[in-house]
Amino acid sequence: MNSPLAIQLMRFGFLLLLWLFVLGAIRVIRADLHATSKPRVGAPPLGRARRRRPPEPAPAGGPRGPSQLVVTAGGLAGTRIALTGAPILIGRANDSTLVLTDDYASTRHARISAQEGTWFVEDLGSTNGTWVGPNKLEGPMVLDVGVSVRIGATALELR
């Protein structure tokens with residue numbers, strides 16, 4: 001096995017494996033960076049009408065609805081975010097409402113927003129998915145009070 005041909009073949013094999021690893025890493029990074037640029041199924045087009053007419057804010061709590069988003073598990077356990085009706089963006093991006101340092105969270109991972117007084121959770125094309133209770137989120141879903149939303153090691157719920 002010490003022939004020059006065998007050594008050269010092993011070098012080329014190692015080089016090929018190294019390039020496959022680099023290309024795979026680039027693919028994952030590109031998917032994470034461009035997660036929100038993919039159009040969602042059933043999402044309205046981003047035209048002028050949508051920009052001129054923002055969604056109506058939901059009531060900020062009270063006896064009929066939740067008033068805060070609480071992180072129940074993970075590195076930010078105990079963190080509370082008041083529900084004002086504005087969308088809550090969750091992810092690793094610095095401009096997110098809830099910035100996660102979890103390796104399993106995408107840059108723009110999920111959004112919690114209100115429409116006509118009902119709160120919805122939506123995965124924004126994350127790599128590892130968003131879980132509502134025991135189920136993986138496949139599309140926008142109504143989020144009820146006390147139902148756990150899990151992103152990596154972080155769990156949150158409306159209260």
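I began with the surface of this predicted model. The accessible surface of the protein comes to about 10800 Å². Carbon and sulfur atoms hold 60% of that area.

Next I looked up burial. The protein has 159 residues, and 29% of them are buried. For this count, a residue is buried if its relative accessible area is under 20%.

I then went through the secondary structure. I found two helices and eleven strands in the protein.

I checked how far apart in sequence the contacting residues lie. I took the contacts in the protein with a separation of 6 or more; 38% of these join residues 24 or more positions apart.

Leucine 89 has arginine 111 in S5 as its bridge partner.

Strand S6, residues 118-123, also pairs with S5 in the antiparallel sense, here over six bridges. In this pairing I found glutamine 115 opposite threonine 118 of S6.

I noted one general point on strands. Side chains in a regular strand alternate between the two faces of the sheet.

How many residues lie between S5 and S6 in their hairpin? There are two residues between these strands. Glutamate 116 is in the turn, and I noted its positive phi of about 55 degrees.

Methods:
Residues are numbered from 1 along each chain as its sequence is written. This is a predicted model: local features need pLDDT of at least 70, side-chain atom pairs count only at pLDDT 80 or more; totals for chains, interfaces and linings use all residues. Side-chain values use heavy atoms; hydrogens and water are left out. Two strands pair if DSSP finds at least two bridges between them. Helices (H or I, at least four residues) and strands (E, at least two) are DSSP runs, numbered from the N terminus. Buried means under 20% relative accessible area, exposed over 50%, partly exposed in between (1.4 Å probe, protein chains only). Contact means heavy atoms within 4.5 Å. Accessible areas come from the Shrake-Rupley method with a 1.4 Å probe; for residues, only the protein chains shown count as cover.
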